[in-house]
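Hi everyone, thanks for coming. Let me put the model up on the screen, and then we can walk through it together.

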Amino acid sequence: MSYVEAAGAPLRKTGHIKLHGPEGFAGMRKAGQLTAQALDLVHELVAPGVSTEAIDRLVFEFAMDHGALPATLMYRGYRKSTCTSINHVVCHGIPNDKPLREGDVVNVDVTLIVEGWYGDSSRMYPVGEIPRRAERLLDVTYESMMRGIAEVKPGRHVGDIGAAIQEFVEPFHMSVVRDFCGHGVGQIFHDEPNIVHVGRRGDGPELLPGMIFTIEPMINLGRPHVKVLSDGWTAVTRDRSLSAQFEHTVGVTETGCEIFTLSPKGYHKPIFSND
Ligand code: MF3
Ligand code: CO
Ligand code: CO
């Protein structure tokens, strides 16, 4: 291995999926729970008139107060502690000073590093009263993530997760984004394997106890196609249709899976009064 290769080696994907032991699961539990606590705080802040910059500041200060580091800060030139993706923004929206408006839906994506372990999770937040079609999108997106998670047990394959998500979403005439996927996570932010949110049962690597990864489907009301804006980050739907995303970090256990990023306060998904 040359010097240049050696320097990049810890960042490079090896094509093999790491299996974590009890210490890894303990580390991920701590990181996942702190991330979930941060998202619970966001739940209590979001309202019309609040800016995404204020959300970002809250998460940064919470991380600092708890000895954690936001993984996105200075990651590949990104300069914020969160991604905040409003309405037709699919993912990687950059927080700014513009106030949220009644009827918006915003995804807040947080990854906190605690003692070297990365807890990665995102949720959708309705801003005041939102249109019925937005409520339906949020419900379908949350349920699709949970159907993907329900596939996670030893003996299933990575493709089973995508298949479950795709089979659930498409009958609603909504679409699954192809251009971004879930990922292995642990002491590295983005590791093997890729978790694509569409697929065929039996495809891809077999799930084994000790694997840790995210499931983070992005679902659009319109077509699945996205484009990245000139800031180099913000991904939007090409047809400007509404997009939503939820994300959990999970670990494969002997019998099924553990969700590391469950909300301590039960703020798993928005509850709509007219349901
Ligand atoms: N948290 C995102 C994920 O789920 C990654 C954001 S990377 C950033 O993988 F640089 F855009 F912040
Ligand atoms: Co992720
Ligand atoms: Co994330």
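Donors here are N, O and S atoms within 2.8 Å of the metal (3.2 Å for Na, K and Ca), and with water not among the atoms, sites may look incomplete. Before I go on: this is a predicted model, where local features need pLDDT of at least 70 and side-chain atom pairs pLDDT 80 or more, while totals for chains, interfaces and linings use all residues. Side-chain values use heavy atoms, without hydrogens and water, residues are numbered from 1 along each chain as its sequence is written, and chains are lettered from A and ligands numbered from 1 in the order written.

Back to the metal. The cobalt ion (ligand 3) sits 3.3 Å from the cobalt ion (ligand 2), and Asp 120 coordinates both. Asp 120 belongs to strand β5 (residues 117-126) and Glu 247 to the loop between β13 (243-245) and β14 (248-252), so this pair ties together parts 127 residues apart in sequence. Strands are DSSP runs of E, at least two residues, and helices runs of H or I, at least four, numbered from the N terminus.

Asp 120 and Glu 247 are both buried, meaning under 20% relative accessible area with a 1.4 Å probe, protein chains only (exposed is over 50%, partly exposed in between).

Now, where is Glu 151? Glu 151 lies in the loop between α4 (132-150) and α5 (158-169). Glu 151 counts as buried because its relative accessibility is 11%.
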